[in-house]
Amino acid sequence: MRILITGSSGQIGTNLALRLQEAGIEVLGIDLRENAWVDTIKDLRYDLRRPPTELIDLLADEPLDLVVHLAAYAKVHELVIHPERALENIATTFGVLEFCRARALPIVFGSSREAYGDTSEGITAEDRPVVAKSPYSASKIAGEALVGSYSSCYGIPSLVFRFSNVYGRYDNDLERMERVMPLFIREIAAGREVTVFGREKVLDFTYVDDTISAICKGIDLLYRGEVQAHTINVAAGRGASLIDLVEFIGRALGVTPKLRTEPTRPGEITRYVADITKARRLLGYDPTVFLEEGVRRAVAWSGVSASPAARGE
Ligand SMILES: NC(=O)c1ccc[n+]([C@@H]2O[C@H](COP(=O)([O-])OP(=O)(O)OC[C@H]3O[C@@H](n4cnc5c(N)ncnc54)[C@H](O)[C@@H]3O)[C@@H](O)[C@H]2O)c1
């Protein structure tokens, strides 16, 4: 099997490509940027906002069996400031779908728990009506709708995964993208105060290896035609606050973190705990690393240790 991964220089793309390669599956990546961590993923520098016909020509001689589409502007807050980028996410998904149509390839689409909006009841099911809380959410909802429409009109087999706060490895390119986990690890280790936007927020943090296991299983079942046209939550299925997160990072580093709180920012959700029943049933998904242990592993992977200032020396 040979798989095209869009967004292969990103966090999930890097982890996925490496896992697939370890399993003997060939990967071709596409990304705007060089990979910041590894040079063992065969990839092309290309901007997927370009017209779909160019992509079809570019890959005309590449044998491929399946596409995993992860390329996107992936930060909620960034797209509140630049809503036009939500439209570019949709155009990118459209282009990748046109490529899948031209080549009759199945697609796995990387969507988000943001497709749910805020979930006051705390538990989500995939058939809950959608509410766009931000332009990013809207771009994921539109992407999911396009994927579904290509399945029903053109017979493109598809799976949609709704990810949630993935963390653990290949996510610390903070100058490009600020993610809460590596940012807090860096700041707490340096003895600096961290700002929590939304003391009340409860989120479902997913250790990256669990996310990747779900995607790999989905790829296998989709390729073999055993599962298709499903939308599946992939998360830990447990909620934690950002205050918990700060505490766990402090414990892993052996320091007492300094923290202040600010209100939740516009467009951000305040509560999400995934219902992962469907992932368990369809994929045999069974997350194994929960937040406190995952944070320990993330800190170990980062190679960051507490500074004398953080230790109060
Ligand atoms: N990581 C998470 O916690 C999380 C949660 C929910 C959903 N998602 C979704 O999963 C996917 C992967 O997330 P990630 O965390 O790896 O994101 P990421 O930002 O680390 O990776 C995305 C990659 O796509 C590339 N890209 C963006 N636009 C492109 C374009 N026009 N042409 C070519 N490449 C382009 C970027 O350069 C980047 O390397 C995204 O679609 C994201 O929205 C991620």
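**View 1. The pairing of β1 with β4 in the predicted model.** In this predicted model, residue I3 has L66 of β4 as its bridge partner. The two strands concerned, β1 (residues 2-6) and β4 (residues 66-69), pair in the parallel sense, and four bridges join them. Strands of a sheet pair through backbone hydrogen bonds, either parallel or antiparallel.

**View 2. The sheet with strand order β3-β2-β1-β4-β5-β6-β11****.** Seven strands with parallel pairing make up this open sheet, and its edges are formed by β3 (43-45) and β11 (230-234), each of which pairs on one side only. On average, and with direction ignored, neighbouring strands of the sheet are turned by 20° against each other.

**View 3. Helices α4 and α7 against the strands****.** Helix α4 lies across β1, β4 and β5 (107-112), and its direction runs at about 175° to β4. Helix α7 (residues 208-223) also packs on the sheet, where it touches β1, β4, β5, β6 (158-163) and β11, and the direction of α7 makes about 170° with that of β6.

View 4. A search of the whole structure finds one cavity of 30 Å³ or more, and the space in the largest cavity comes to about 30 Å³. Its lining consists of H69, A71, A72, N89, T93, F109, S139 and K140, which by class are three nonpolar, four polar and one charged residues. Helices α4 (84-103) and α5 (135-154) each supply at least two residues of this lining. Rolling a probe the size of a water molecule over the atoms shows where empty space is left.

How values were computed
Residues are numbered from 1 along each chain as its sequence is written. This is a predicted model: local features need pLDDT of at least 70, side-chain atom pairs count only at pLDDT 80 or more; totals for chains, interfaces and linings use all residues. Side-chain values use heavy atoms; hydrogens and water are left out. On a 1 Å grid over the protein atoms alone, a cavity is a set of points where a 1.4 Å probe fits but cannot get out, and a pocket is an open set with protein on both sides within 12 Å along at least five of seven lines; lining residues have an atom within 4 Å of a point. Grid points are joined across faces, edges and corners, and a volume is the space filled by probe spheres set on the points. Ala, Val, Leu, Ile, Met, Phe, Trp, Tyr, Cys and Pro count as nonpolar, Asp, Glu, Lys and Arg as charged, and the others, Gly among them, as polar. Two strands pair if DSSP finds at least two bridges between them. Axes are lines fitted to C-alpha atoms, for helices over the stretch in contact, and angles run from 0 to 180 degrees between N-to-C directions. Contact means heavy atoms within 4.5 Å.
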